[in-house]
Structure formats: C-alpha cells, structure tokens
Amino acid sequence: MPALALQTFRLSKHFGAFTALDQVSLDVRPGTVHALLGENGAGKSTLVKCVVGYYRADEGAVLIDGRETAIPSPTTARALGIGMVYQHFTVVPGMSVAENLLLARGRVPARIDWRAVRAELEAFMATTPFRLDLDARPLELASGEKQKLEILKQLLLRPRLLILDEPTSVLTPQEADEVLGALRERAHSGDCSVLMITHKFREVSAYADDVSVLRRGRLVCSGSVADSSPQLLAQAMMGEGRVAPVTVGRLQVAAPGAVRLQIEGLRVMGDRGEEAVRGLDLQVCSGEIVGVAGVSGNGQREFMQALVGQRPRLAGSVTLEGRPFHARRAENRSQRVRSLPEEPLLNGCVGELSVADNMALREFDQSPFAWAGWVRWRRLAARARAWIEEYGVKTQGEGAMIRTLSGGNVQRAVLARELSGEADLLLVSNPVFGLDFAAVAEIHGRLLAARDAGCSVLLVSEDLDELLELSDRIVVMSGGRIVFQTPARDARRHELGAWMGGRHETAAAPQERAA
Amino acid sequence: MSAQAWLDVLIAVIGGAVRVGTPFLFVSLGECLTEKAGRINLGLEGVLVLSAMSGFGAAWLSDSVWIGVLCAGLAGAALALVHGVACSLPRVNDVAVGIGIMLLGTGLAFHLGKPLMEPQAPQIPSLALGGWSNSAAVQAALRINVLFPLGVALAALLQWGFANTRWGLLVRMVGDSADAARALGTSVNGVRIAATVAGGFIAGLGGASLSLYYPGSWNEGLSSGQGLIAVALVIFARWSPLRCLAAALLFGGAGAIGPALQSVGVGGAYYLFNALPYALTLLILVLSCSPTRSARGAPLELGVSR
C-alpha cells in the first residue's frame, strides 16, 4: 500500500524559553484522513513543520512506517513521499500555472517540450477535481484558485502522505466538499494518508477519520471522529473551565434604516485587461450586513479594491449618504468609512513599520495625535498599547515590526485600528481567513456589534457559513455582477450554490472563461 | 538639402544603429539576464569599461582579436562575480553595491589602461553586407561588426531559453519569488550569482565591441554611461531579450543621428543631437510606464516592479 503510516514519539520543540511542542505522540494511520485541531499558537504548524523537515525537533522521534526516520530537510521529506500544502502561498506569482506545476513536479528537463508537458498536465488535471487555466499567472488568480494550485502542485508528486495547513479556508463550501471528498477518496483507496490542520468542525465530522487536538503544545485528545463531538472537541481546544466565547445572537434588532451606500453600474477592469466587474448595482442600508457570496475569481476582489480606492473605476457611481464617494482619505474620515481588507499585511499595513505606527495610519496627522505638523508619537504609542491589550494582539511590544506578527495577530491589529471610534460603513473582505476558532468568534462578534450600533457592513467572503451566520441580506456575485439576492433568513445553501456556480446564466450574460 | 543627402543620413543612421547599438545590445542582454534572476547590476557600466580595457589589452599583447574578445568577457564575468557574491551577503543592497562596482570597474580600467592609449590592437573583423550597392556610403553603413549577428542570436537564444529550458525557468523562478524557490529546494543565491556572472560575461562582449571595433581604441571616454542606459533599456524592453534588441537598435540609431547630420553639413546642433539618446531614454521610460497594465515579465523580486 503506498499510503504511509506516520507516528511521532514524544516530539518536543522549544524556541528559547517557549515550549512550542511538549512530548507530542501522534498516530496517523495509513489510508486515513487525520484532522489536527487547535487554536492559533497551539503548536499545529510547529508539529507538521517538524515532520516535513522545516524544523528539527529537540526531543523525540518521527516514525515512518514504524521505523524511526531522521528528516533533516524538506528535500528529505519530499523524497520520502511527504507533501505539504502551506498556509501561505508558495507559488511563483509571475509564472504561468503550467510553469509552476512543472517546477513543482521537479525533474525539469534541460529542454522543455511544452507540447508534451501540457498534454501531461491536462491529463493530470482531469484526474483531479480542479480546473485551472494553464496560462494564467497566480498574480491574477484569486486566493481560492491559488489554493487549488498549491494542492495540485502536491498531488502532482503523488505523495504517500499529504499534509495540508487549512486547505479550505479560501474555498466555497462546494469547492471545499469537492477538495476534501477527493482527498478522502484518495486516502481510503490507499493512495496516501492525509493530515490536515483545520478550524472547521463541519469538515472534521464530515471528512476526517481520526482527530487530534493540540493545546499549548500538548496533545490533549486524539481518537476516532466517530467517538467525538464538536462540543467535546471545542472543550478540548479551549481547555477546561473556559467557556467558548458567546457569539452575539443574530437577532435583527430593527429593520434596516435608510440606504447609505449606493452603487450603480460599477465597472472595474481586472488584471488581464478584461472587465472584472461589469455593471454592478448594490445598496447597503444602515444597520445592515450585506454578505457578498461568490466563487473566488468572479470579480469580488476587484470590486472591493475599487470601493476602497485601490483600483480605478471605469464607470458607474458610488454614493454614500447621497454624496459621491471616491475613498479619498478625507472622505473616509468625514464619512467614517473603514475597511478590513483581505490579506491585511499586504493591503492594510506597512510591513516594515511597527505595530504602533500601523495602528496610527488613519489618524497620525489628526488632532489630538498631531499638533502644528508634529506627530505626538507618545500618545500614539500609548493608544497602541491600550489596543494591543484590548484586542489581545500577541506581539513583543508596540515597537515590533508588524510583519513579524502571525496572521491572526496582524488581523487583530488592523481590526483595532479600523473598528476604533464609530464607523458608518465597514468594507470587509474575508475577515477570518486563517484565523482560529476563538479569533473567528471574536471578530464575528465585533462585526455584529458594529451592525447593531447602526453601521453598514459590506462583507465579501468565500465562506458561505460565515455569510449565513452574519448577514442580514445575501447577494451572489457571478461574472462581475450581482445575480441574486435574498434575505439571509430565507437563504437556501443549495440555491445560493447554484447561483454561485453560474448555472443561471442567460444568453446575454458574459461568456464563461474557458477552462 | 537634397534628397540624396537625406538618403545618406538615413543610411548612416541605419548603419549607426548597428554600430553604436551593438554594445547596447550586449550590455542590455547581460542586464536582462541578471534582472530576470532578481538582481539589479548597476555595475555593468564598470563591467563595460573594464572589459573594454581588458579586451583591448589582451588583443594587443596576444595580437589575436579573439583572445581579446574572450578576455573582455572573462573580465566582465569576474567583476560581475564580485557583485554577485557581495549581494548574496545578508542585508546588502544590490543598487548600492552596483554603484560601488561601477566606480571600482572604471577606476581599475583607467589605472591599468594607462599604457594602452597609444598602441593599436587588431580589430574585430566586419561583414560587408553592402556589396550589392556601388554607393560608398551604403557600403560603409552596411559593414557590420561580426559580434552583432552573435548578439542577435544570443537575444533569440535567451528569449527561447527563458521559456523552454530548465535554466530559464530556474532563473525566472528565483527572480519572481525567492520564497517559492527555497520551498522547492533551489539555491536562490547560487542561481543569482550564476546569472549575474553570465550577464557580466555577455556585457563584457559589449566592452570588446567598443574597444576592438567601434570606436576601436582605448581611452577613458570610451563609454559615456552606456552601461547605465542599458539598465533603462531593459525596463523599457520589459525584460524581454528580443525587445532588448529592438531597444538597442533604436538607441544606436538615435546616437548616430548627430554624426550623420554633421557629415552632410548640418552641424549646428551637434551636441544637442548627441544628447538625443538620453532624452529618448527619459521619454520612453515615461511613456512605457502604465499604472493599469501590470508589467508582464517584470521579475517581482526586483525593487522596480514592486
């Protein structure tokens, strides 16, 4: 059987005085899907990085097929048949999908016969549940498509053990079902074993055979999924005596107020010289969360970028409280518009600046933080410290470079900046990508609280569960337009899925992109 | 001015495009290769001057022009190696190192080249492509440096190689995402040093073309910033070797306008015309940058495309 049996025996790893892994003994049975749960910083990534040779464990051993095996480098792991899909993207952004796949496959011939290679890649892709344009560049792909490319890269190597770090965080439920279903099928047929880090209980119960929970570097429970329940797992993750954070109930306090944000006929150019947003109309009222659902790559990214001013608009009007809105700094301030962009380190921060400086970006030149052209750094630092405390940002201090923080903590820092004071309009994209259970609940709670305070929230998310949980109204975006809308309480998952899949398209609708 | 005079100017400009453009071509191809791997080598100006001196010296001493050409390439590669290795040290900025290499290269060349001002060295042979015409002007214009066809072939080879060979993919991967390259177990610094050295060798051939063909002697004013302009050429050519060829010819032609006009008696604005290539550099860079079009082919590890 090609599937590999992985065991770790009392694996420990220290970073200075910090114990990231404490005597973890994990058992991944061959031909199974094993889910690894835990909060941010629980040691999941450290554990798998020890297995793939990225880190060397300080104590303990890794057993492959029952034999103790030293894995000093990722190359060794690859030779052993262990593939890893990382949470951050490791594709080459400026090279085509075909080139990326060829490089990942290794054994690149000195002279490449592209005709043969392409035929081979097409044939390979036909055996997987994914379709990607071989000539597209990751630079132009949405994060969901990039994630698929990452997984394809690993499948191409025919791994005996596939490790995935949150593989579905950017996929639609349908896509996630497809991906996980395909992976489980592979595992059960004995082709490979799968170890996946996840935060979603739904995926654990639907697709995993076994589940292990890490907390503060220790393995707190491990066993068959059949013997566990989401409640038990949540308890194990959060620890004894700690109650899971209460999500604010989805009670619509009052009917939504007047229309605040009005978008008419918005058209935006994409990266590949074709229109990504083609005449989009949308209204958002005060005290309302409008969720934008859609398969990634249908113009959501360009739409949000155009709204927050990262991308020029071709045509159409955007008005806020009846006034034209161009997302200039002064307008953002006077109309109280805030945004939580996706990939906040890239879109909402200056990586080389400190946490305090990043938290100050909106207001460093405003009273009371500036006086006669001078910035009052001490006031800003003091406020940053307060926010770090309030939002639980894990950092070495307010002076640390923000890019040294983990993804969840960058997200919290941006959240602190954007939710401070009262916002009238929040533009939010995939706010919980890659965050753990507790952080997700906390961020969702804050969005709902903002809504209850009368704020208008436009929420773009590739996670349908998140949209169903938070939104008052859900619209579906497909081919650069809003094709469907419904009050969230009437929304049917399969109906939304059908609209997202673009099956509704009439003759006048834009042509589908050739696969 | 008669129609014949205009025709002479045109022919002279075409001939000049090749003659003056050949060094541009080699330097920009060298820079293109270096930048594709994610490094900027501003030191190519120093590489050009040092290799011109070395090539001239070696050709004079050995009395063989081809030994001279080879030595020019090797001198360029050696100086580029210094750049490549220095930039591989942690927290070293390639632009700053490049300026250092530029000054080092020219300084070394001026020092070592003192005794080379007087002598005559054998010259790179030329191909007479103007035999079909009985006009002396046409024949003179179409007498072409044999390095030029070599450069054209090299441009085509690089263009093809970037897309169709293992080395091409590795160089582009390293230039696009060092992280991805490391994840695949590729030595980022190794590939970058190799590309920089190969780029230095290619640029060195441009130096040989300067001192052994046109103008064909060694003096301190041999290169007037051609190595630096090549950096701009590469950006203008959007990191495509074949477009580097077109850009080099364009600049060569622009550089030949002044002398060509003077030869038919229009000399009033001689210095102004000589400034034409530089004005053209600015103009083209302004025109070719666009906020909406993403720079396809631009290596993402380069500061310029971020």
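User: A polar contact is a pair of N or O atoms within 3.5 Å; within protein, one must be able to donate a hydrogen and the other to accept it. How many residue pairs does the rule find in polar contact across the interface of chain B and chain A?

Analyst: The model is predicted. Across the interface of chain B and chain A, the rule finds nine such residue pairs, both residues being at pLDDT 80 or more. Three elements of chain B each give two or more residues to the side that touches chain A: helix 6 (147-164), helix 7 (166-176) and helix 8 (178-183). Helix 7 of chain B supplies the largest share of that side, namely six residues.

User: What makes this an interface, and how is its size expressed?

Analyst: Contact means heavy atoms within 4.5 Å, and 20 residues from chain B and 23 residues from chain A take part in it. The size of an interface is often given as the accessible area lost when the parts come together. Here chain B and chain A bury about 1,800 Å² between them, with 60% of it on carbon and sulfur atoms.

User: Why is the pair A:Glu99 and B:Arg172 called a salt bridge?

Analyst: The term requires a side-chain nitrogen of Lys or Arg within 4 Å of a carboxyl oxygen of Asp or Glu. The rule finds one salt bridge across the interface of chain B and chain A, and 26 in the whole structure over all chains.

User: What does the salt bridge of A:Arg260 and A:Glu321 tie together?

Analyst: The closest N and O atoms of A:Arg260 and A:Glu321 are 2.8 Å apart. A:Arg260 belongs to strand 12 (residues 259-269) of chain A and A:Glu321 to the loop between strand 15 (315-320) and strand 16 (323-324) of chain A, so the pair ties together parts that are 61 residues apart in sequence.

User: What is the strand order of the six-stranded open sheet in chain A?

Analyst: The order is 7-8-9-4-10-11, with mixed pairing. Strand 7 (82-85) and strand 11 (218-224) of chain A are the edge strands, each pairing on one side only. Strand 8 (residues 161-165) and strand 9 (residues 193-197) of chain A run parallel and are joined by five bridges. A:Leu162 has A:Val194 in strand 9 as its bridge partner.

User: Into which domains is chain A divided, and how many residues are in contact between domain 2 and domain 3?

Analyst: The division is into domain 1 (6-238), domain 2 (245-336 + 422-515) and domain 3 (349-420). In chain A, 13 residues of domain 2 are in contact with 15 residues of domain 3. These two domains bury about 1,100 Å² between them, 49% of it on carbon and sulfur atoms. On the domain 2 side, A:Arg329, A:Arg333 and A:Arg446 lose the most area to domain 3, together 43% of what that side buries.

User: Why does the pair A:Asp365 and A:Arg333 still count as a salt bridge?

Analyst: The limit is within 4 Å. A:Asp365 and A:Arg333 meet at 4.0 Å, N to O, in a salt bridge. Across the interface of domain 2 and domain 3 of chain A, the rule finds three salt bridges.

Key. Residues are numbered from 1 along each chain as its sequence is written. Chains are lettered from A and ligands numbered from 1 in the order in which they are written. This is a predicted model: local features need pLDDT of at least 70, side-chain atom pairs count only at pLDDT 80 or more; totals for chains, interfaces and linings use all residues. Side-chain values use heavy atoms; hydrogens and water are left out. Two strands pair if DSSP finds at least two bridges between them. Helices (H or I, at least four residues) and strands (E, at least two) are DSSP runs, numbered from the N terminus. Domain bounds come from an automatic or database domain assignment. Buried area is the accessible area (1.4 Å probe) that two parts lose on being put together, summed over both. A polar contact is a pair of N or O atoms within 3.5 Å; within protein, one must be able to donate a hydrogen and the other to accept it, and residues adjacent in sequence count only if both atoms are side-chain atoms.
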